[in-house]
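Take a look at the protein and its ligand below. Keep the sequence at hand as you read.

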Amino acid sequence: MYHDQNRRRNGDEPAAPGDVHPDAPGAPDGTGASDGPGGPEQPTPGGFDPERLSGRLRSRVLGQEPAVAAVVRAVVLATAGATDPQRPLANLLLVGPTGVGKTELVRQVAAELRSGPDDLCRVDMNSLAQEHYAASFTGAPPGYAGSKEAFTVFDRTTVEGDPYRPGIVLFDEVEKAHPTVLRALLHVLDNGTLRLANGQQTISFRNSFVFLTSNLGSAELARRRDARWRRAADRLGARSGALTARLAAKGNKDVLTAALRGFFDTEFLNRIDETAVFTELDTATAERIAALEIELLRQRLSRRSVRLDADASVTALLAERGFDPVYGARGLRRTVRTVLAAPVADAVLRVRPSGGEPVHLRVRAGADGEMRVTPQDTPDGTAGREAPDATEGREAPDREGARDRAEATDA
Ligand SMILES: Nc1ncnc2c1ncn2[C@@H]1O[C@H](COP(=O)(O)OP(=O)(O)OP(=O)(O)O)[C@@H](O)[C@H]1O
């Protein structure tokens, strides 16, 4: 088991929590953000460092510190071998509105504990809302097509992990699943096993971190956000600061807790080790997320010898256009792509149509809401001179076409 191995390990092995896969965000050459204001942290000899894990998760999932703390707690317990070996390593329920970082947190946990952010088994419970699809949860019963092959929604190796790395399973939008699926899930949460309908095989979740996400209560939160008392509280909040924000956060937590209790049976909730409540994002956090996305773009471009400088006006414009209190930061990445990356890509191609020489671009937001991309002279003095077209504020001829293509690809 993963936690037993972690107690024995000497720290040289590749997949301890906190060790970083070369492709993982935050890896020296990966796409992650920097290690934060404290500068790069040194790996702790001997293996797992909870502080380091916490710092790395907080640098990627912004403004959700209590949820990050809940996850780190779960990893600490598992790594120390303090969890019940007859159950999953942890059953964590992540609740909160849409687009606030629930799935992103699980992806970043996968980046830290496994080979990368997509190295997890994600089960979209919405797709198991109807009874006839619900069968795919436990596979086909004997005599039906696929029963011998034991086809299910689970990727066994990602679920079961190995002695050096845990499995990670994400049940997304758990409340949407059909009741028969929820009954099977109850068994997973309780015993850490799922017996397939063919009666011959079992999938073990005892070496897995099980995450469940839910939007329950979010509609009520949105209603409250729009309510007049809340607007008044916000106005007061601008004056009285943290106190009002704390009261609002507590109110939100109560709403979410009531929604969970109203929907799930007690026996289901009793099998959850910890419920992490995600809060709505505010504008300041949205700007930090925009800055994070810009940093990721900057790092990608720097690997192609493109230096990108973006000032605070760029961050503010992206946050304004990409952040929506209802949909959270979900639209930010697309906005960065269409509003920032596309004009930057145009400028790169204009400045060096075929070459690979260094390019230095400066970006700022214009008063008209468009990005201004201006080539700067590079140390060898090439970029500015080679960019007669890339004058400040000028749209590339195929800008609209490029955007349409980008949108189409995104969709
Ligand atoms: N707190 C956050 N920190 C950093 N990025 C975030 C945060 N919240 C959202 N994002 C960005 O928004 C995108 C969507 O967020 P995510 O998938 O985590 O939403 P979610 O909370 O799981 O919503 P849903 O309940 O609809 O699945 C992420 O890929 C990430 O780019």
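## The model and its confidence

This is a predicted model. The protein averages a pLDDT of 77. A score of at least 70 is reached by 70% of the residues. For the complex, the predictor gives an ipTM of 0.98 and a pTM of 0.77.

Helix α4, residues 102-113, has the highest mean pLDDT, at 97. Helix α15, residues 399-410, has the lowest, at 40. Over residues 381-411 the pLDDT is below 50. Beyond near neighbours in sequence, that stretch has 45 contacts in the model. Residues 7-45 also stay under 50. For residues 7-45 the model has 82 contacts beyond four places in sequence.

## The protein as a whole

How many helices and strands does the protein have? The secondary structure comes to 15 helices and 10 strands. The protein has 411 residues, and 51% of them count as buried. Its accessible surface comes to about 20,000 Å². Carbon and sulfur atoms hold 51% of that surface.

Now consider contacts between residues at least 6 apart in sequence. Of these, 72% join residues at least 24 apart. Distance along the chain can also go with distance in space. Take Asp 118 and Gly 251, which are 133 residues apart in sequence. Their C-alpha atoms are 34 Å apart.

## Around the ligand

Which residues come nearest to the ligand? There are 19 residues around the ligand, and the nearest are Leu 62, Thr 98, Gly 99, Lys 102 and Thr 103. Leu 62 brings a backbone N or O atom to 2.8 Å from a nitrogen atom of the ligand. Lys 102 uses its side chain instead: a polar atom there lies 2.8 Å from an oxygen atom of the ligand.

How much of the ligand does the protein bury? Taken alone, the ligand exposes 630 Å². The protein buries 90% of that.

## Helix α12

Helix α12 covers residues 283-302, which makes 20 residues. From its first C-alpha to its last, α12 reaches 28 Å. That is close to the 28 Å expected at 1.5 Å a residue.

Start with His 360, which sits in strand β9, residues 359-365. Is His 360 buried or exposed? His 360 counts as buried because its relative accessibility is 8%, and the cut-off for buried is under 20%. The side chain of His 360 joins that of Asp 309 in a polar contact of 2.7 Å.

His 178 is placed in a loop, between β3 (167-172) and α7 (179-191). At 17% relative accessibility, His 178 also counts as buried. Its side chain makes a polar contact of 3.0 Å with the side chain of Thr 180.

Glu 173 lies in the loop between β3 and α7. Its phi is near 50°, a positive value in a residue other than glycine. Glu 173 is partly exposed, because its relative accessible area is 21% and the partly exposed range lies between the buried limit of 20% and the exposed limit of 50%.

Ser 305 is found in the loop between α12 and β8. Ser 305 is not a glycine, yet it has a positive phi of about 65°. Its relative accessibility is 35%, so Ser 305 counts as partly exposed.

Asp 118 belongs to the loop between α4 and β2 (121-124). Why does Asp 118 count as exposed? Its relative accessibility is 60%, and exposed means over 50%.

Technical notes. Residues numbered from 1 in each chain as written. Predicted model: local features only at pLDDT ≥ 70, side-chain atom pairs only at ≥ 80, totals over all residues. Heavy atoms only, no water. Helix = DSSP H or I, 4+ residues; strand = E, 2+ residues; numbered from the N terminus. Expected span 1.5 Å × (residues − 1). Near = heavy atom within 4 Å. Polar contact = N/O pair within 3.5 Å; in protein donor to acceptor, adjacent residues only side chain to side chain. Areas by Shrake-Rupley, 256 points an atom, 1.4 Å probe, with all protein chains shown as cover. pLDDT = per-residue confidence, 0-100. Contact = heavy atoms within 4.5 Å. Buried < 20%, exposed > 50% of the residue type's maximum accessible area, 1.4 Å probe, protein only.
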